[in-house]
Amino acid sequence: GGLGGGIGEALSPGGGFAGSIAATAIVGQVQSFIDSTSKLGQAMSSLTPDTNALAQAMGIVGTQEEKRIQAIEKLNGKQAALTAAMDKMRETIGDKEVDRLKAFGESSRLIGNEFAIAMTKMQASLIPVINLIDKFFGISKGAQDSERARAIENSTNPDILRVQSQIAALEKQTGGGRSGAKTRENKLKTLKAELKVLGDQEVKTNKIAAKNETDRLTLEASLRATTDKTKFLQDTLQFGEQEAEIRQRILEIERSESIVLDANGKQRIRDAMELERSLQRQVEFTKAIGASFRDSFRDAITGATSFNQAMVNVLNTIRDRLIGMYLDQMFAQATTGGGGGGLLGNLFGGLLGGIFGGGGGFKAPPPMKPGFMGTGIPAVLPKGSFNITPKAAGGPVKGGSSYLVGERGPELFSPGVSGTITPNHAMGGATNIVVNVDASGSSV
């Protein structure tokens, strides 16, 4: 405003108020232009990149070019996006203009930093002046008196209460002439001085108590966090990670809501978390299978692999996921088993029990049925099934290997000896698959 007024008077002597307003507006516009130019130059710096500002300056907001730069930033980071934006900027306005903007932005940044340092020094140099003003007007003294008065008013200190009572009694006394009044005045002065000292002590005591309370709460929060973590680890070892997470969630709800959940409330939380976990597993399973289909058939289309191998890859992914789900279920039951032998005792007890028919530390989960999730793949695959060869066209089979067959959906055939599969078209349209092998001891 002052600069605008000075410019207005210089350009139009005696122009008065109207000239000052016009000049102030012009100065404001110039200042705004300088600020925006400075910010644009700084947006080009690798230290403070701003691709949004560059897109706006180039007039590409809402265009495919802006979307391309945003995609580069998401995929490769801000520096890569800045490089792409700067290439577009050079293409738009030229190398020389870009270099000028960058130089101006850097200069304005340095000027701004120096100005900030100068302001900090100015503030430090003004402290003696501020202290002098405070001393003259008694600002801080008034604040201290108010703090002391509040401490005295809220105190339960017997000494403070005694002095207050004596002051109140003296202020009610009358008589005794001039000498009696003088005596009461002196006593009141002494008592008020004593009350001031006691009040200052009360302020210090309150500050120490507040600090101690803050330290206590901080320590309590830290200990609670440590205790909670320790309990979670103990529950994980004793009951398994899933059950530990459920118990931790129940504890958090009880603590935050200041309630004690009954058995029904805890069961509702357990059911909700188990449902969420089950849905999450299904989502992950679906995503994995979808990704496998996409990648495998992309390779088949581009010729990187055959369509038969693409199908094998998809089935292998499904197999691995199902095996993983089966093992997760087995470990979950092992960790929650009541055999008293801990995780390893329950797990190996269950495995040995499943092999020898004995009673292990937990009841092993039943095998997944053929056709689970529409795959027709059993939960535990026979030896040699990790390399599956499609045999829809028939042909020789080798003992100990696995082949994809099935008239009612995909099935795994793992013969114990070599032989031949006769395909459907070679049987005059019959619907059954004939396998000419001695398949004793094999699993289908």
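## The lining of the largest cavity

In this predicted model, the residues that line the largest cavity divide into two nonpolar, three polar and one charged. They are Thr-51, Asn-52, Ala-55, Glu-66, Ile-69 and Gln-70.

How much space lies in the largest cavity? The answer is about 40 Å³. The count of cavities of 30 Å³ or more comes to one. Rolling a probe the size of a water molecule over the atoms shows where empty space is left.

## Where α4 meets α5

Helix α4 (residues 64-76) also has a partner in helix α5 (residues 78-93): their axes come within 7 Å and cross at roughly 155 degrees. Angles over 145 degrees count as roughly antiparallel, and α4 and α5 are therefore roughly antiparallel to each other.

On the α4 side, the contact is made by Glu-65, Arg-68, Ile-69, Ile-72, Glu-73 and Asn-76. From α5 come Lys-78, Ala-80, Ala-81, Ala-84, Ala-85 and Lys-88. Together, the residues of this contact divide into six nonpolar, one polar and five charged.

## The protein as a whole

Stepping back, the secondary structure of the protein comes to 14 helices and six strands. The protein has 444 residues, of which 25% count as buried. Among contacts between residues at least 6 apart in sequence, 46% join residues at least 24 apart.

How values were computed. Residues are numbered from 1 along each chain as its sequence is written. This is a predicted model: local features need pLDDT of at least 70, side-chain atom pairs count only at pLDDT 80 or more; totals for chains, interfaces and linings use all residues. Side-chain values use heavy atoms; hydrogens and water are left out. Axes are lines fitted to C-alpha atoms, for helices over the stretch in contact, and angles run from 0 to 180 degrees between N-to-C directions. Helices (H or I, at least four residues) and strands (E, at least two) are DSSP runs, numbered from the N terminus. Angles under 35 degrees count as roughly parallel, over 145 as roughly antiparallel, 65 to 115 as roughly perpendicular and the rest as oblique. Contact means heavy atoms within 4.5 Å. Ala, Val, Leu, Ile, Met, Phe, Trp, Tyr, Cys and Pro count as nonpolar, Asp, Glu, Lys and Arg as charged, and the others, Gly among them, as polar. On a 1 Å grid over the protein atoms alone, a cavity is a set of points where a 1.4 Å probe fits but cannot get out, and a pocket is an open set with protein on both sides within 12 Å along at least five of seven lines; lining residues have an atom within 4 Å of a point. Grid points are joined across faces, edges and corners, and a volume is the space filled by probe spheres set on the points. Buried means under 20% relative accessible area, exposed over 50%, partly exposed in between (1.4 Å probe, protein chains only).
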